[in-house]
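Colleague: Could you pick one part of this model and take me through it closely? I'd like to follow it residue by residue with the picture open.

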Amino acid sequence: MNELEAYVKDAERLGFFAAAPLDMCALEARPEIRMLCAPDKCESYGKTWVCPPGCGELPECAARLAGFHAALLIESKYEHVDTGDLVYMKVLAAEHNRRLLALRELVAREHPKVWFLSTGSCEFCEKCSYPSAPCQKPEILRGSVSAYGLDVERICESAGVEYAFAAGTVRYIAFLLI
Ligand code: SF4
């Protein structure tokens, strides 16, 4: 079993619904995805270090991605969810984040510079310090897939991982980079 296959097993043990090694070419920074991070399209715009403009321009993000040599796709999936119950949605997001941090800790033993991107914004502080002070937890700061121009649906398809929308189904997708 190679290293990425071992991390897939770790991810499954931690309760992720799916995990799969990714071809780095799949992590293409696409302007049309980044355009979704606009003030009139996303309420997180300008509110965190991981969203534009705090995360930098798309070419900077692409250059950051190019600094990694391997990636894993991981997915948390929940069914029969009342997506209007925002309190419960927060519980699910927190569970996904806990798993991400647990996997990060495992991978960091071999790869101290391991990094994650995930759907949504960074949720590791009650209130992000952007823009008045530096990131409070730079070691676990979680990048935003849309800010990096990553087309989640296309990437899932390339990795053979399910990503279909259905009423009451919630999916969180993340990319682990080493
Ligand atoms: S770790 Fe905290 S301060 Fe840093 S980007 Fe995330 S929420 Fe903001």
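Modeller: Let's start at R30, which touches G149 and D151, leaving out residues up to four places away in sequence; contact here means C-beta atoms, placed from the backbone, within 7 Å. Before going on: residues are numbered from 1 along each chain as its sequence is written. This is a predicted model, so local features need pLDDT of at least 70 and side-chain atom pairs count only at pLDDT 80 or more, while totals for chains, interfaces and linings use all residues.

R30 sits in the loop between β1 and α2. (Helices, H or I with at least four residues, and strands, E with at least two, are DSSP runs numbered from the N terminus.) R30 has 15 other C-beta atoms within 10 Å, so it counts as partly exposed. The scale is this: 20 or more other C-beta atoms within 10 Å of a residue's own make it buried, 12 or fewer exposed, and anything in between partly exposed, with C-beta atoms placed from the backbone. Between R30 and A102 there are 72 residues along the chain, and their C-alpha atoms are separated by 29 Å.

Now to helix α5, residues 152–159, whose buried residues are V152, I155, C156 and A159. They lie on the same side of α5 because they cover an arc of only 100° around the axis, the arc being that of the directions from the helix axis to the C-beta atoms. What do they pack against? The buried residues of α5 pack against β1 (18–22), β2 (71–78) and β5 (170–177).

As a reminder, strands of a sheet pair through backbone hydrogen bonds, either parallel or antiparallel.

Work through the neighbours of β5. β2 and β5 run antiparallel and are joined by eight bridges, with I74 standing opposite A174 in β5. β3 and β5 are also antiparallel, joined by four bridges, and here F116 stands opposite L176 in β5. β5 is mostly covered, as seven of its eight residues are buried. Then comes the parallel pair: two bridges join β3 (residues 115–118) to β4, and L117 has G143 in β4 as its bridge partner.

Setting aside neighbours within four places in sequence, A93 is in contact with E123 and Y172. A93 has 17 C-beta neighbours inside 10 Å, so it counts as partly exposed. From A93 to C25 is 68 residues in sequence and 28 Å in space, C-alpha to C-alpha.

Most residues other than glycine have a negative phi, and most peptide bonds are trans. H80, in the loop between β2 and α4, has a positive phi near 55° without being a glycine. With 8 C-beta neighbours inside 10 Å, H80 counts as exposed. In the loop between β3 and β4 you'll find P131, and the peptide bond from Y130 to P131 is cis, with omega near -5°. P131 counts as exposed because it has 12 C-beta neighbours inside 10 Å. P131 and E60 are 71 residues apart in sequence and 18 Å apart in space, C-alpha to C-alpha. There is another cis bond from P52 to P53, with omega near 0°, and P53 belongs to the loop between α2 (31–34) and α3 (58–65).

Terms used
Contact = placed C-beta atoms within 7 Å. Pairing = 2+ DSSP bridges.
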